[in-house]
Structures are given as C-alpha cells and as structure tokens.
Amino acid sequence: MHSRYQRTLADVVIGGRPVLILLGVRRFFCDNSACKAVTFAEQIPELTARCARRTALLRGVLESIAVALAGRPGARLAARLGMAVSRTSLLRLIRRLPDPVMKTVPVLGVDDFAIRRRHRYGTVLVNMATGAPIDLLADRETDTFAAWLRAHPGTQVICRDRAGGYAEGGRAGAPDAIQVADRWHIWHNLGQAVEKTVAAHRACLRDPVEDPTPPPDSPPPVEDSPPLETRLVTRTRDRYAAVQSLRGKGYSISAIARELHLDRRTVRRFAHASGLDELLAKTTSRGTLLDPFKAHLHRRFNAGLTDAASLYAEIRADGYRGSAQTVRRYLHPFRATRTAPPPVPDRPRSATSPAGS
C-alpha cells in the first residue's frame, strides 16, 4: 500500500436533502515494471469510478434526466429534485453514453435534413417500425447511403422520397429491398394531382339542380330549417341590440363606445341605422375590391398576359385600391391550366345597399 486519502462522492437525495459520501480509499504500488502507472487507487464496485465525483446510482439518474430533457430543462428539474448540476455536465453525460447496438432494420426510412440550409445537407435514417432515428450520415450522396446499407444488411423495405440519389443508393446497397414512397409524399402527390384536376375543370362546377317532381312513394316534404347564422351576422345582431339599448337609456355616442369598447364611427353607424335589416343587408352582400376588375383579369390572362405584377399595374391605373398580393392569390389557381374560366357574375344587391358597398 502506498497511502490513504479521502474522496467525496455525491449520492441521490434522501428526503429531499442532498447526500455526500466521505469515503476513505487506499492507493497501491503497481508491481508490474512494464506498467506506466506507478501507483493506482482502489475502486469500490457499483459505487465509485475513476475520477468520478458522483456515485453510479446518481450518475444513472442524471443520465435519464439528460436523455429526456437535455441541458437547461434537465438542469432545472434536477435542481428541483435536490441534485444541483449544470447543463454542460448533463450534455457531457449524454456524450459519454455508449452508442446503442445497431440491429437489423427491416423497414428503413431515409430522408435528407439541412445541416446548413442551401449549403450542406445530411441524411437521417429512421426505423419505421418504432419511428426512432437510428443513424445520421454526413451527406446525401449515393455512395454514402449504399455503403451504409452494405454495412448493415437485412433491410427489406426502403421508405424514401422521390430523390434519385437515394433510389440509386438503395439499388446498389440493398438490391433485394423493395423501395416505396413514404406516407407524406403519397399524400402530397395526391394533393397536387387533385388540385391540378380541379383547377382544370373549374368551369364544370355547377350548383346541383333538384328534381321538381318527387317520386310518388316519397314521404311528404319537410320544411327547410332556417340556415345557421354566420358569426358576422350574429355579431351584427348583438351589437345592434346593445347599442340601441344604451341609446334608449340616454347614453351618448362616446359613452356607448367606451362601454362596448367600439370605435365611435361604428357606434354611430349602428345608432343611426333605420333598422337591423339595413345592417344585415350590408353585411351579407359585402363584396371585395377586386370584384369589378375580375372580368378584365380573366380576359387579359386568357390573352397571354399571366404576370400578376403587370395585371396589378393595369387595374391599379383603372382605380383598383387593393394590394398586389390579393391579385397574385386570385390568379394562382389559373396557372395550372394557363386558362382563366369565365368570371362568376356578381350577386344581385339589395335595394337598400349603396352601389359602392
């Protein structure tokens, strides 16, 4: 024996209080002349480790917290549990954990991810049975993916996107595996096909026509229930009732605005309206600023001018007061077929509604 010394080890908390273990250990001479270590300290199984200041039990608890919550959140939880530790210590515990044993993955998911967007991309490999990532590749090259498949045989199905590099790598590294598209790309491709089909047949969409002569054995018709009010109609009705109620109590326009948290111009419009029907007519027949110019946009689009900025400049000169983004969104569905359908005629306006509403 060379000497003795005392070690201080942190252990799991007891009753919410931190625990320190003062341990007296011995240091011994090494009798092996070929060993570079002249002396060495004894270790107690399942309690100490070389240069460690925590017991194996406490280290296991902190490793579980670090894996679940990582740095700062894990440090906050550990502090509440009486185990003071820094976020960097938790990250070091994660880095020291051994890599899980790589098992055979029958259904392998592969996709790219951005290490630095538009500059550098990598590849993530996922076990589709569990949804857990199993490995990361430094790039998305064909040879890298093929080499990984050859080093980890047993893959039966490769679930990938439409990238040609992964297709070639799958055929080279696992020629017997079946390659399929993942669920997201299947739905994405289906959505694109449906959108193009609907845009190509917009003119075919018509309101259904009911047969005026019901069959003789049909039950007697049931009166239609009144349509559900929209939120705008319900809000208009409630505001009108509240404004008229306060107006009847002698409140001024400013007092009503403060009471209902409304603008004075809104309160004045509700207070001076001849009735609720006038307000509802303006609400339900409300159009958009682009409606008077849709026929011009359709005509120019079918003539070959499909640039939204140029069309916006034309209708802007004719008096359009909306934004260019509205014009761009309106023309977007027509670009799939390069043809704009005939514009839908405006709905008839109420006799009480002003022409500019």
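Residues are numbered from 1 along each chain as its sequence is written, and side-chain values rest on heavy atoms, with hydrogens and water left out. Because the model is predicted, local features need pLDDT of at least 70 and side-chain atom pairs count only at pLDDT 80 or more, while totals for chains, interfaces and linings use all residues.

The protein contains 13 helices and 8 strands (DSSP runs numbered from the N terminus; helices are H or I with at least four residues, strands E with at least two). Of its 357 residues, 26% are buried (under 20% relative accessible area, 1.4 Å probe, protein chains only). The accessible surface is about 25300 Å², and carbon and sulfur atoms contribute 54% of it (Shrake-Rupley method, 1.4 Å probe). Among contacts (heavy atoms within 4.5 Å) with a separation of 6 or more, 44% join residues 24 or more positions apart.

Five strands form an open sheet with mixed pairing, in the order β6-β5-β4-β7-β8; two strands pair if DSSP finds at least two bridges between them. Strands β6 (132-137) and β8 (178-181) each have a single partner strand, so one side of each has no neighbour in the sheet. Neighbouring strands are turned by 30° against each other on average, direction ignored. Strand β7 (residues 157-160) pairs with β8 in the parallel sense over 4 bridges, and Ile158 has Gln179 in β8 as its bridge partner.

Two helices lie across this sheet's strands. Helix α5 (residues 164-173) lies across β4, β5, β7 and β8, at about 160° to β8. These angles run from 0 to 180 degrees between N-to-C directions of axes fitted to C-alpha atoms, for helices over the stretch in contact.

Technical notes. Buried means under 20% relative accessible area, exposed over 50%, partly exposed in between (1.4 Å probe, protein chains only).
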